[in-house]
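Thanks for passing this one along.

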Amino acid sequence: MSPRIPHHLLTLLCLAASLGARGEGLHNQIDVLLAKDWAAAKVRPAAMSSDPEFLRRLHLDLNGVIPTAAETRAFLEDTHPDKRVRLIDQLLGRPEYSLHMARVFDVMLIERRLPAVKSYDVAVAAWRTYLAEAFAANKPWNALVREVLASDGSDELQPAAVKFYVSRDADPHQLTRDVGRVFLGADLQCAQCHDDPRFSDYKQADYFGIYAFLSRMSFHRDAKLNRSFISEKAVGDVSFTSVFTTEQGKTNPRLPGGEMIADPMLEKGKEYVSAPTSTARGVPVYSRRKQLAEQMPRTETPGFARNLGNRLWAMMLGRGLVHPLDLHHAKNPPSHPAVLSALEQWLVEHRCDIKGCLREIALSRCYQLSSELPAGSEPMADAFAVAPLRGLTPEQMRWSLLRASGRLDASFMRAEEQLKKTKPAEVEAKLKDWHWVKENYEALEKATTTLIAAFTPLPGTDDSKIDPVVDHALFLLNNPKLMDLIKAAPGTAFDRWSAFTNPAAMAEDVYLSIFNRLPLADEAAEVVKIVSATKTAKDRAEALQPLVWGLLLSAEFRFNH
Amino acid sequence: MQTSLTRRQAIARLAGAAGTAAFAPSAIATSARRKQLLVLFLSGGASQLETWDPKPGTKFGGPFRAINTSLDGVRIGELLPHTAKIMHRLAVVRSVNSNLPDHEKGHYAIQAGRLAPGYPVLGSAVANLLEQPGDVLPGYITLRRAGPKAYTDTGDAGFLGAKYEGVRVIDGLPPENLMVPAGINAAALQSRDAVRRAADQRFLRSHAKAPINGYSTTFDQARALMQRREIFDLQAESPKDIERYGRHDFGKNCMLARRLLEAGVPCVRVVHFDWDAHQDNFYWHQMRCAEFDRTFVTLLDDLEQRGMLEHTLVVVTGEMGRTPQINNLGGRDHWGRAWSVAMAGCGIKQGIVHGATNDLGTEVKEHEVGIGDLFHTYLTALGIDSSADYDLNGQTNPIADPAAKPIKAVLA
C-alpha cells in the first residue's frame with residue numbers, strides 16, 4: 001500500500017478548494033483578526049514590505065537561502081500585480097522547498113540531540129532524505145508524525161524515522177517530555193515529580209499517561225547489522241508518587257484529557273512476535289508505543305493541530321502566537337487567541353496540510369509587513385505589527401554565504417553542464433527533481449562543514465532562539481574558510497564583479513547579490529570610488545574584497561528582515 | 001566538534017602572534033575596582049553531607065568524620081581540611097530548599113533564581129546589571145572541561161540577548177579564530193570594519209535597535225578578545241603557581257578565572273564536573289573534594305592577596321544537593337530539599353553559618369532559604385538593588401523573584 005498518492009491528491013483538492021475561496025481564505029481571516037487586535041491595543045502596524053524585503057524574506061523562509069542577483073532583478077522588474085502570489089507558489093513548488101523543510105523539521109524534531117554513543121545515530125543524510133520525500137509529497141503532518149512514532153528502525157516501517165527515538169537514546173522520560181513539547185506544545189517535565197504548581201493544566205497523571213505509552217521501550221543496537229532499533233517489552237506497568245503530597249497513582253497509556261487505553265488480554269506465552277533476548281530486540285504482539293503513534297497524531301487530540309499551527313506561524317513570523325512554543329497553558333495564553341484558533345481550525349479542515357498553511361501565512365498582510373519600524377514607535381514583538389529581525393539559522397547562513405559569494409550557483413552550473421553532456425534529454429526533469437538537487441547540495445555540504453559548525457548551537461537547542469555570539473564574530477573576522485569565499489575563483493561572484501568595467505553596473509550587481517536590493521546613491525558612489533583607480537580585473541577584485549567582506553558581516557546580511 | 005589544536009599548540013601560536021597589543025597592566029589596575037562575580041559551580045550536585053553540613057554517626061551520615069574549623073563551634077566534612085582553616089572568611093547557608101531534584105531544571109533555576117523560563121542566569125544578569133559604558137570584554141565568561149553534559153550551558157542570557165551570553169572557554173582553550181587571517185593587510189581590515197559599521201548605521205536608522213546593536217557588540221567583543229588573548233596563556237604563570245592551583249582541569253580553570261577577573265571580566269563561572277554520585281558516593285566525594293578543597297582555598301587566598309576579594313563575590317553552588325538516604329549502590333541521589341551553598345568576598349559577612357537542617361539532614365529545621373532568596377542575596381552583595389526591574393523596550397521584568405528576598409543575616 002502506498003499512502004502517498006491519495007494524500008497527494010487530497011492535498012491538491014484542498015488547495016484547489018482554498019484557491020476557489022479567494023478573498024475569504026485563512027490569510028484574510030488572519031488579517032481581519034490582527035487588525036482588530038491592533039486597533040484595540042492602539043498599535044500602529046508597519047507599512048507593507050518593499051519588494052526587496054519581501055523577496056529576500058520569502059526566499060529565506062520557503063527555500064532557506066537568499067535569492068540570486070538575477071532572481072532579484074527579475075522580481076524587482078516584474079510589473080505583474082500578482083507577482084507576490086506567483087512568487088509564493090513558485091518557491092513552494094521548487095525542490096529547494098522540500099530540502100529546506102527537511103532541514104527545518106530535522107532541527108524541530110531532533111533539536112540537534114545526539115545519542116550517548118554518537119555512532120549509533122541514524123545518519124543525517126537518510127533522515128533528511130526521508131523528510132525531503134515527505135515534504136515533496138506534502139505528506140500531512142499527522143501522517144508524518146504517525147510514521148515517526150511508529151518506526152522501530154525496521155525496514156517495513158520508515159527506518160530513518162526512528163531517529164526521533166534514537167537521538168534521545170530511546171529514553172522514555174526524555175521522550176515523554178519531548179512528545180509533549182514537540183507535538184502538543186506542552187512541557188510536562190515538572191509534572192514528572194508532582195502536579196505542576198505553576199500551571200494547573202499540567203498534571204502528574206498526564207505525564208505518566210504519555211510515559212505509559214513509552215515506558216516499555218528501550219534502545220537496541222544490532223551489532224551484526226550495525227543498525228539501531230527500538231526494542232519493546234510486552235509487560236510493565238506505570239505507577240507514580242508525588243514528591244509533594246506522596247499521593248500515588250497508577251496509569252495505563254492515556255493522552256492528556258483522554259481515556260485510559262487498556263491492554264488487550266493475550267494468551268500467556270503468546271505476548272511476543274519475537275521475545276527480547278540478550279542479542280535480539282523484543283517485538284510485542286501488542287505495542288503500547290504503536291498505540292501512541294495511532295492515537296496521538298489526530299486533529300481530535302487536544303493541542304495537536306494547534307501546536308502545528310503555532311510552529312508554522314513561528315517559522316514564518318519569528319515567534320509563536322504561544323511563546324515559548326512548548327509552553328501552552330492557562331498562564332501563558334496566546335497573544336492572539338483568535339488567530340491561533342483560525343490556524344488550528346484551518347489545519348483541522350485541511351488535514352494538516354503544511355504547505356497550504358505556509359502559503360496562507362505568506363499571503364497574509366501580517367507576513368508581508370515591513371521590518372522598518374512605523375514612525376515614532378516600536379511595537380512589542382508579540383503584536384506582530386512589524387516584521388522582526390531574525391538571525392539567520394546556521395543552515396540559512398551557510399547557504400546564503402555560499403549564494404552571495406557565487407559558490408552555490410557556480411557549483412550547480414557545473415553540475416548542469418555535466419548533465420547536458422552526459423544526459424541531455426534529462427536536464428529539464430533533473431533540475432526539478434529534489435533528489436538530483438539534494439545530491440548537489442550534499443556535495444557542497446561536505447565541503448562547508450566548518451562554515452555551519454561555527455554557527456551551530458549546542459545539542460538540545462532548536463532554532464527558536466538563534467542569537468549571534470562572539471564566536472560567530474571571530475569566525476567571520478578571522479577564519480580561513482570564510483576567506484575562501486571572498487576571493488576570486490572561477491565562476492564565483494568575485495570573478496563576475498571584477499569583470500565589470502562600468503563601476504555603477506558593478507555596484508548594482510554587488511548589492512543585488514548580497515543585500516538583494518539596488519544600492520542607494522551613496523553606496524553606489526562608494527563602490528565607484530573604490531574601483532575607479534583600478535585597471536585590471538585582479539586589481540578590482542583586490543579593491544572589492546574589504547567591501548564585500550564588510551557587507552557580509554553587516555546586520556542587514558545576518559538577519560532575516 | 002573537537003578542536004584540532006592542543007592547548008599547548010594554541011598557546012604557542014598565540015605567543016608567536018606578531019603585532020598584538022600587549023596586555024597592559026594599567027588596564028588591570030583601572031578596571032579592577034568594579035564589583036565582580038565568580039561562581040564555582042559543582043555540577044551534578046555535591047553532597048551537603050560530605051561537605052558543608054556533615055551528620056557523622058547518624059543513620060545517613062556516611063563513613064566520614066566532621067572536623068573543627070577556624071570558626072568556633074562549626075564543623076564541616078573531613079574531606080575539606082583546607083577549607084576548614086578558612087571557614088572564618090566564608091558564609092555558609094545550610095538551609096537551602098530548592099526542591100528541584102533534576103539536573104537540567106536545577107541548573108537553570110538555581111542560576112536564574114526562579115523556575116519561570118526565559119530569564120538570564122546569574123552571570124548574564126550581573127554582566128548586564130554591572131555593565132559600564134566603554135566595556136568591551138565579554139561580560140560573562142564560563143570555563144569548563146569539554147564534557148558531554150550540555151545542560152551546563154543551558155539558560156544563559158534569556159531575554160537579555162546574545163550580548164550577555166556566557167562566552168564558553170572549553171578546556172582552557174581560548175575561543176577559536178583569535179588570529180587575524182594571514183596575507184591580509186591592516187588597511188583592508190580597517191576598510192572592512194568601516195564598511196560593516198557604515199552599513200549597520202544605515203540599517204539602524206529604520207529598524208529595531210536591540211538586535212542590530214547586539215550583533216554589533218559581538219564584533220567589539222571579538223576585537224577585545226583578540227587584543228587580550230594573552231589572558232588565556234597560563235604559561236605566563238610560574239610552575240609553582242600552577243602546582244598550587246592543581247594540574248587538573250578545575251585547578252587550571254580557577255587560575256584562568258583569576259586572570260580573567262584581573263583583566264576586568266565582570267563575571268566568571270568555573271564548572272567542576274562529576275559530583276553526580278549515584279554510585280560509590282563516598283569514593284567520588286573523596287576524589288572531588290580533594291580537587292575542590294585545595295584549589296578553592298588557593299584561589300580565595302590569591303584573590304585576597306591581590307586585593308580583589310573585597311570587590312569580588314565568590315559563590316559555591318551546584319544545581320542541587322544529594323539525598324540523605326544512601327542507595328544500594330552506595331550512592332546518594334538527586335535532592336533539593338535540604339542542602340548548602342557557600343559564599344565569600346564582596347558584600348558577604350565573614351564567618352557565619354546560616355540556617356540548619358534536622359539531625360538526620362532530611363529537612364530544613366530553621367531559616368529555610370529558597371532559590372529566589374539566594375539570587376536576591378548575590379545581587380545585593382554586589383550592590384545591586386534586587387527589587388528593581390529590567391526595562392527592555394518598555395517591557396519591565398523584575399530582576400529577581402519579587403516573592404523572595406535577600407538573606408540579611410549573611411550580608412555584610
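1. A word on confidence to begin with: pLDDT is the predictor's confidence in each residue, from 0 to 100. For chain A the mean pLDDT is 90, with 93% of its residues at 70 or more. Residues 1-22 of chain A are where the value is below 50, yet this stretch has 19 contacts in the model beyond near neighbours in sequence. Two residues are in contact if their C-beta atoms, placed from the backbone, lie within 7 Å.

2. Please keep the ground rules in mind: this is a predicted model, in which local features need pLDDT of at least 70, side-chain atom pairs count only at pLDDT 80 or more, and totals for chains, interfaces and linings use all residues. Residues are numbered from 1 along each chain as its sequence is written, while chains are lettered from A and ligands numbered from 1 in the order in which they are written.

3. Chain B has 412 residues, and 52% of them count as buried (20 or more other C-beta atoms within 10 Å of the residue's own, with C-beta atoms placed from the backbone). Its secondary structure comes to 11 helices and 16 strands, taken as DSSP runs numbered from the N terminus (helices H or I, at least four residues; strands E, at least two). Among contacts in chain B with a separation of 6 or more, 75% join residues 24 or more positions apart.

4. Now the interior. A nonpolar core here is a set of buried Ala, Val, Leu, Ile, Met, Phe, Trp, Tyr and Cys residues joined through C-beta atoms within 7 Å. The largest has 155 residues, and B:Val268, B:Leu313 and B:Met343 touch the most other members. Helix H9 (residues 249-263) of chain B gives the most to this core, 8 residues. Beyond four places in sequence, the contacts of B:Met343 include B:Leu90, B:Ala91, B:Leu313 and B:Val410. Another core, of 96 residues, lies apart from that one and includes A:Phe208 and A:Leu325.

5. How does chain A meet chain B, and how many residues does each give? The contact takes 40 residues from chain A and 43 from chain B. On the chain A side, the elements giving two or more residues are helices H21 (470-478), H22 (480-485), H26 (537-552) and H27 (555-558). H21(A) provides the largest share, 8 residues.

Notes: Buried ≥ 20, exposed ≤ 12 C-beta atoms within 10 Å, placed from the backbone.
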